[in-house]
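User: I would like to go through this model and ask what each label rests on. Please set the values against the definitions.

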Amino acid sequence: VRIRKAALGRDHPQVAVSLVKVGITLLLLQRFEDSLWIFREALSVRKHSLGASHPSTARIYNNIGCVHVEFQELREARRAFEAALDIQRNALSQEPDNGSLLFGAATTLCNLGYLYKNRDMHEKAALVLREALTLHEKVLGKHHVTTLSTLDNLAESCSSSHHYTHSCKYYQELLKRTNNAKHGGGTSSSSSSSMIIQYKLSRVYWNMKEPQKQREVLESILKQMNSSSQQQQNEKEYEVLLERIQKDLNLDDNHDNNDAQHQNW
């Protein structure tokens with residue numbers, strides 16, 4: 001950074017590039033205060049050299065938001081993410097098919113979704129995650145691991161906001177895509193992921209007061225577990241899943257108790 005400042009001047013765009021790299025390194029090292037200070041300097045340089053509305057400025061706002069999340073400064077994090085999103089949406093209005101812009105906006109939306117989820121603002125989380133999903137599908141495709149993760153988070157947010165029909169639809173779509181990946185030569189983790197998704201779906205059926213559908217899904221998972229050749233490789237995960245399934249089946253046998261709480265995986 002010092003060399004670039006001396007050679008190019010303090011406000012050269014390449015100085016901001018170096019500062020961002022240092023800031024990310026500090027963030028990974030959990031030196032959050034130093035990281036925030038560096039990102040703010042990079043933001044100042046980038047605004048001066050490229051303008052406040054340049055898309056690369058949005059990436060720094062997003063990084064600043066991530067640091068504020070680490071500090072649990074959620075209001076400041078939200079401001080930073082929303083500043084980034086405003087810039088990204090403006091840029092996308094001029095270049096709607098720019099893959100880098102699409103991915104950047106999707107990342108910011110996912111960060112906002114995480115923030116809303118942590119503040120128990122599940123309906124808002126679902127709203128931004130739905131938009132993020134659309135962008136991820138456009139730039140990465142429907143079966144990319146990042147797209148599937150966004151779809152999973154969207155289904156969970158819908159369930160947490162008591163929109164169980166939507167949650168059910170998203171989990172079913174997630175299961176379909178995950179199974180397609182498995183049949184297309186996916187790894188053993190695809191089988192494990194499929195069973196976890198089915199378990200989450202069973203919990204939605206419980207909340208929808210459809211115990212028969214819940215039982216059918218749970219019994220289907222048990223059959224898959226018994227026939228799986230990967231059980232020993234994922235022994236701990238299988239034990240946890242088996243314990244939860246058995247507990248839920250017992251609850252279903254006594255389903256007069258309708259106050260079972262949602263279990264997070």
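**Labels and cut-offs**

Analyst: Ile-196 is placed in helix 10, where helices (H or I, at least four residues) and strands (E, at least two) are DSSP runs numbered from the N terminus. This is a predicted model, in which local features need pLDDT of at least 70, side-chain atom pairs count only at pLDDT 80 or more, and totals for chains, interfaces and linings use all residues. Residues are numbered from 1 along each chain as its sequence is written, and side-chain values use heavy atoms, with hydrogens and water left out.

User: Why is Ile-196 called buried?

Analyst: Its relative accessibility is 10%. Buried means under 20% relative accessible area, exposed over 50%, and partly exposed in between (1.4 Å probe, protein chains only). The value for Ile-196 is under 20%, so the residue counts as buried. Across the 265 residues of the protein chain, 44% count as buried.

User: Why does Arg-244 count as partly exposed?

Analyst: Arg-244, in helix 12, has a relative accessibility of 21%. That lies between 20% and 50%, so the label is partly exposed.

User: How many helices and strands does the protein chain have?

Analyst: There are 12 helices and zero strands. Read along the sequence, the pattern is α-α-α-α-α-α-α-α-α-α-α-α.

User: What makes a set of residues a nonpolar core?

Analyst: The members are buried Ala, Val, Leu, Ile, Met, Phe, Trp, Tyr and Cys residues joined through side-chain atoms within 4.5 Å. The largest such core here has 48 residues, and Ile-221 and Ile-245 touch the most other members. Two or more residues come from each of helix 5, helix 6 (99-118), helix 7 (122-140), helix 8 (145-160), helix 9 (164-183), helix 10 (188-207), helix 11 (211-227) and helix 12 (235-253). Helix 6 gives the most, with nine residues.

User: How do you know that Lys-200 forms a salt bridge with Asp-152?

Analyst: A salt bridge is a side-chain nitrogen of Lys or Arg within 4 Å of a carboxyl oxygen of Asp or Glu. The closest N and O atoms of Lys-200 and Asp-152 are 3.0 Å apart, which is within 4 Å, so the pair qualifies. The bridge links distant parts of the chain, with Lys-200 in helix 10 and Asp-152 in helix 8, 48 residues apart. Lys-200, at 15% relative accessibility, counts as buried, and Asp-152, at 18%, is buried as well.

User: Which other salt bridges can be named, and how many does the structure hold?

Analyst: The structure holds 11. Among them is Asp-34 with Arg-31, the closest N and O atoms being 3.1 Å apart. Glu-137, Glu-173 and Arg-177 are linked in a network of salt bridges.

User: Which residues form the positive surface patch, and what makes a patch?

Analyst: The residues are Arg-75, Arg-79, Arg-119 and Lys-124. Patch residues have over 30% relative accessible area and no salt bridge, with like charges joined within 9 Å and nonpolar side chains (Val, Leu, Ile, Met, Phe, Trp, Tyr) within 5 Å. Lys and Arg count as positive. Arg-79, in helix 5 (residues 74-94), has a relative accessible area of 52%; that is over 50%, so Arg-79 is exposed.

User: Why is Gln-72 called exposed?

Analyst: Its relative accessible area is 56%, which is over 50%, so the term applies. Gln-72 sits in the loop between helix 4 (55-70) and helix 5 and has a positive phi of about 60° although it is not a glycine.

User: Where is His-162, and what is its phi?

Analyst: His-162 is in the loop between helix 8 and helix 9. Its phi is near 70°, a positive value in a residue other than glycine. At a relative accessible area of 58%, His-162 is exposed.

Methods
Accessible areas come from the Shrake-Rupley method with a 1.4 Å probe; for residues, only the protein chains shown count as cover. The place of a charge is taken as NZ of Lys, CZ of Arg, CG of Asp or CD of Glu.
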